[in-house]
Amino acid sequence: MNLKATIGMETHVELDTKSKMFCSCEVVETDEPNISVCPTCLGLPGALPVPNKTAIEYIVMLSLGANCNITNEGMFHRKNYFYPDLPKNYQISQFDFPVGVNGSLEIVLDEELHSVEIERVHMEEDTGKSVHIGSGRIDSATSTLLDFNRSGIPLVEVVTKPVISNSKMAVAYIEELRQLVIDLGISKGKLEKGNLRFDANISVANEDSNELGTKVEIKNMNSLKSLEKAIDYEIMRQSKQIEKGESVIQETRHWDENKQVTISMRTKEGSADYRYFSDPDLPNMIIDEEFINNSKKNIQNLPTDKRKTLKESGLSLSDSNYLDKGDKWLYDLYLSTVENTKDSKSTFNFLTGELQGQMRKAEIDELPDWVDSEKISNLINLFETNEVSFTSAKDILAKLLGEDIDPISYATDNNLIQSSDDEEIKTLVTSVIKENQDIVERLEDPEDKLVGFLVGQVMKSSENKVNPGSVKDILLKELFG
Ligand SMILES: [Zn+2]
């Protein structure tokens, strides 16, 4: 039996606003509990919510960035359930009139572009935080404390249609969404801080079937690695059950990072269980053309635009996607460097391989302020034109990261410039041929591996001061005519 998996992603993005969604409490990042709370976000009787305009603007921006249609007349709903960290006993959310609908995000997998359809983008508010004392886990805690600093922080939920077919695609989608919210400037987008939290709805069905299998929701994946592993595990678990003729139960499962398995949490509740109804404390939300146009003004250079610019510079799709998702300074440095080097691949390799590698080793996050694209492109051009060896280029880079030097004068002053003087090389070649007669006699053709050995001998005798390309040309001419 051939089976196929279908995945839909639900992602909560924490918005980077100054204040909370329905009160003026400051959004704080602290371990000190309950310092940014008021009657509204504590759910005290009589307290009324007032929507945060900036948060609505951010949600409109994200909807536009994800190519959604904007619902002009939106509505706030109450999603009713009890939990100790939800003091109102309901969460203000949106139900049948989300801000954005029917969008799509372009993602990159290897050298291919795919489109992930977005079903909806809507507003939510965060809950408080339960802190389990003792073990950190609810089932073995001695007590549980409540911190309401997080209560009421604006969230936006982005829901895809069930169109993702494997774990790699799900990871690429989250990476794209993360970059989108960073480039829009609406969220810090830090996964390790929980700025993006994702659940996956996974079902497995017969490959020929037009219907989806039973949906299982997977929660508690807090990194892209655990997302990938949890999806792979869950597809395997459901497939095995179907192959044995057993039916898959519709439920919510929890990814157990230690055991590397998904564990049943509860049978899945449907939206009817939450008794959604429109919030009587909040009027309908009118998002008119003027508001949309104002939000549009803040949108520039999104991941798709950056990828296009990078591709136009001559990079492959996957290399473009790599730089697109990296630090902004690296993206800017690449574009200004490639102007002077004209070799996109070699510039990409040098920046992402050598430069980033050496920075990691030296444990520096930012380029020293004397390192600019002119110095970097001069350095790349030095080894691209074989004026210095790649080994020397790496040494010059290491020096440059430590102090303000000019790569060209440094190479000259330290005798690193390789000679392309044919006469000088010819003298060295002749003596290496003489000293290695036994090897020369064994040579069969110009492709022989031993040619490389002889080139190495010439380089060695010159103390790496000659250009290896010229050495090979002259050596082959001497040997094979
Ligand atoms: Zn408050």
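This is a predicted model: local features need pLDDT of at least 70, side-chain atom pairs count only at pLDDT 80 or more; totals for chains, interfaces and linings use all residues.

Colleague: Let us turn to the rings. How far apart are the ring centres of Phe95 and Tyr276?

Modeller: There are 9 aromatic pairs in the structure; rings of Phe, Tyr and Trp (its six-membered ring) pair if their centres lie within 6.5 Å, with planes under 30 degrees apart counted as stacked, over 60 as edge-to-face and the rest as tilted. The planes of Phe95 and Tyr276 meet at 15 degrees, so this pair is stacked, and the distance between the centres is 4.1 Å.

Colleague: By how many residues are Phe95 and Tyr276 apart?

Modeller: Phe95 lies in the loop between strand 5 (90-93) and strand 6 (100-109). Tyr276 lies in the loop between strand 14 (261-267) and strand 15 (277-278). The pair therefore links distant parts of the chain, and the separation is 181 residues.

Colleague: Is Phe95 buried, partly exposed or exposed?

Modeller: Buried means under 20% relative accessible area, exposed over 50%, and partly exposed in between (1.4 Å probe, protein chains only). With a relative accessible area of 30%, Phe95 is partly exposed.

Colleague: At what angle do the ring planes of Tyr322 and Phe348 lie?

Modeller: The two ring centres are 5.9 Å apart. Tyr322 belongs to helix 6 (residues 317-324) and Phe348 to helix 8 (residues 344-361), 26 residues apart. The pair is edge-to-face because the planes lie at 80 degrees.

Colleague: Which residue lies over the face of Tyr274?

Modeller: Tyr274 forms one aromatic cluster with Tyr81, Phe95 and Tyr276. A charge sits over a ring if NZ of Lys or CZ of Arg is within 6 Å of the ring centre and within 35 degrees of the ring normal. At 4.6 Å from the ring centre of Tyr274 lies Lys79.

Colleague: How many disulfides does a search of the whole structure find?

Modeller: A disulfide is a pair of cysteine sulfur atoms within 2.5 Å. Cys25 is buried at a relative accessible area of 9%, and Cys41 is buried at 4%. The number of disulfides found in the whole structure is 0.

Colleague: How many of the 6 residues of strand 13 are buried?

Modeller: Strand 13 (residues 251-256) is largely enclosed by the rest of the structure. Strand 12 (residues 216-221) runs parallel to strand 13, joined by 4 bridges, and strand 14 runs antiparallel to strand 13, joined by 6 bridges. Of the 6 residues of strand 13, the number buried is 5.

Colleague: Which residue in the turn between strand 13 and strand 14 has a positive phi?

Modeller: Strand 13 and strand 14 form a hairpin with 4 residues between them. The bridge partners across these strands include His254 with Ile263 and Glu251 with Thr267. The turn residue with a positive phi, of about 60 degrees, is Gln260.

Colleague: Which backbone oxygen does the side chain of Ser295 reach?

Modeller: Ser295 lies in helix 4 (residues 289-297) and, at 1% relative accessibility, counts as buried. At 2.9 Å, the side chain of Ser295 reaches the backbone oxygen of Phe291.

Key: Residues are numbered from 1 along each chain as its sequence is written. Side-chain values use heavy atoms; hydrogens and water are left out. Helices (H or I, at least four residues) and strands (E, at least two) are DSSP runs, numbered from the N terminus. Two strands pair if DSSP finds at least two bridges between them. A polar contact is a pair of N or O atoms within 3.5 Å; within protein, one must be able to donate a hydrogen and the other to accept it, and residues adjacent in sequence count only if both atoms are side-chain atoms.
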